[in-house]
Amino acid sequence: MKKSYSSLIFFLALGIFGIITTEMGIIGVLPQVTKKFHITPSEAGYLVSAFALIVAISGPFLTLLASGMNRKVVLLSAILMFAISNLVYAYTTSFEVMLVFRIVPALFHPVFFSIALVTAASLVSAEKSGKVVTQVMAGVTVGFAFGVPITSYLSTKISLETAFLFGAIVSVIAFIGILVWLPSMPVKERMSFGKQLGILRKPQLWLTILIVVMIFTAMSSVYSYFAEYLGEVTHMNGTWISVMLMIFGVTMIAGTFLFGFFLNKSITKTVILFPLVYAVIYLFIYYWGSHFWPMAVIVFVWGAVHSGGLILSQALLMTDAKEAPEFGNSLFVSFSNVGITVGTWLGGLFISQLGAHQLNWSGIMPLSLAFILIMIKAANSKSHVEKASMN
């Protein structure tokens, strides 16, 4: 196992890369989807919001159920479903069928994430577990950096079908790698449902969950219509949109390390400043989004800041859910997708009612709420520390 665990880590990360490519790659091809099925951008947005909504609703419960199953069987079943779904996207002529096959793999999304992270951590000593978990999670940022823009590029240069086949091939390769490198892993000891659910009694956890929802609402309300905005407002063609998606994703990788550094320095200051910095990005997009080169520069910075939302949200939630990390991770996946669902709906509403240029205000509103909630959490934490010192 020690000799082969590095190969397994790669395939687990590849599986997450495939899942992110399937989940978020749709964002880069929404214009082509609207044309293929003769629907509106807000209707096409259901492909994003429906996926996220199912993840949000089912995530914690299915993760609890899967916690007692053979990990290899769970991982293989999940990644196989993503491969099949991409094949359906490629060849279906019905928007309703495509929507159904956005819902089905969404059921497996949080389960694969949670089990993959637990599996990775179990391969090494406790001291090295953080490192391998980070390596597996790299599939997320690499998915944004390359999976999403490659999907967009293939749909523009070749066909929409080819773009979805790319997602299917990635999932098939991950399936084969996990099948070969991961031995059967039946669960020997499982934390009771009651103990895992017990963390939900903590008021601070629910405040953190609200913050996570607001942050992801703010991010996804605009990012979900990234291609639509650049096409309509900035007047970029499909090739340039693919390039912008690539730039956005690459700077997300850089932003991951940058925000990791800031969080280590001061998690409180980083969390407080994040919604303010992101709101400034949206204001720049509002005033300069119609200008080609200024928008290209903004996208460069935007990607780096966007990654901060993922990192600090998980850091906040896992701090409050440290007693049950697997369940806590499923809560992060679930409620971040609640935010994606609400954000996609909100962004679609702004586009349909006010036009694409006003889209950024759909992000500034939840950022303001997030900032207020963060200040309340900071005040509560300070109060608890003062009370503890007095005792």
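Biologist: How are α11 and α15 oriented to each other?

Modeller: This is a predicted model, numbered from 1 along each chain as its sequence is written. Local features need pLDDT of at least 70 and side-chain atom pairs 80 or more, totals for chains, interfaces and linings use all residues, and side-chain values use heavy atoms without hydrogens or water. Helix α11 (residues 203-223) packs on helix α15 (residues 292-320) at about 160 degrees, their axes 9 Å apart; axes are lines fitted to C-alpha atoms over the stretch in contact, and angles run from 0 to 180 degrees between N-to-C directions. Angles under 35 degrees count as roughly parallel, 65 to 115 as roughly perpendicular, over 145 as roughly antiparallel and the rest as oblique, so α11 and α15 are roughly antiparallel.

Biologist: Which hand does the crossing of α11 and α15 have?

Modeller: Helices here are DSSP runs of H or I with at least four residues, numbered from the N terminus. A crossing is right-handed if the near helix is turned clockwise from the far one by less than a right angle, and left-handed if anticlockwise. For α11 and α15, the crossing is left-handed.

Biologist: How many residues in the contact of α11 with α15 are nonpolar?

Modeller: Contact means heavy atoms within 4.5 Å. The α11 side includes I211, I215 and F216, which meet a set in α15 that includes W302, L312 and L316. Ala, Val, Leu, Ile, Met, Phe, Trp, Tyr, Cys and Pro count as nonpolar, Asp, Glu, Lys and Arg as charged, and the others, Gly among them, as polar. The contact of α11 with α15 has one charged residue, five polar ones and, as nonpolar, 14.

Biologist: Is L312 buried or exposed?

Modeller: L312 sits in helix α15. Its contacts beyond four places in sequence are I215, L263, T270, V271 and F274, and its C-alpha is 7.9 Å from that of I267, 45 residues away along the chain. Under 20% relative accessible area is buried, over 50% exposed and in between partly exposed, with a 1.4 Å probe and protein chains only. At 0%, L312 is therefore buried.

Biologist: What does V33 touch?

Modeller: V33 is one of the residues with the most contacts inside the largest core. Not counting residues up to four places away in sequence, V33 touches I26, I39, L47, M98 and L160.

Biologist: How is α5 oriented to α6?

Modeller: Helix α5 (residues 71-91) and helix α6 (residues 95-106) have axes 9 Å apart and pack at about 170 degrees. That angle makes α5, relative to α6, roughly antiparallel.

Biologist: How many nonpolar residues does the contact of α5 with α6 have?

Modeller: From α5 come M81, F82, I84, S85, V88 and Y89, and from α6 come V97, M98, F101, R102, V104 and P105. One residue of this contact is polar and one is charged, while the nonpolar count is 10.

Biologist: How are α4 and α7 oriented to each other?

Modeller: Helix α4 (residues 46-66) and helix α7 (residues 109-122) have axes that come within 7 Å, and their crossing is right-handed. The axes cross at roughly 45 degrees. The two helices, α4 and α7, are therefore oblique.

Biologist: Is S155 buried or exposed?

Modeller: S155 is in helix α8 (residues 126-157). Beyond four places in sequence, S155 is in contact with V29, Q32, L160 and A163; Q32 is 123 residues away in sequence and 7.6 Å away, C-alpha to C-alpha. With 8% relative accessibility, S155 is buried.

Biologist: Is H38 buried or exposed?

Modeller: H38 lies in the loop between α2 (30-37) and α3 (41-44). Its phi is positive, near 60 degrees, in a residue other than glycine. Most residues other than glycine have a negative phi. The relative accessible area of H38 is 74%, so H38 is exposed.

Biologist: What relative accessible area does H235 have?

Modeller: H235 is in the loop between α12 (226-232) and α13 (238-265). H235 is not a glycine, yet has a positive phi of about 60 degrees. H235 counts as exposed because its relative accessible area is 60%.

Key:
A nonpolar core is a set of buried Ala, Val, Leu, Ile, Met, Phe, Trp, Tyr and Cys residues joined through side-chain atoms within 4.5 Å.
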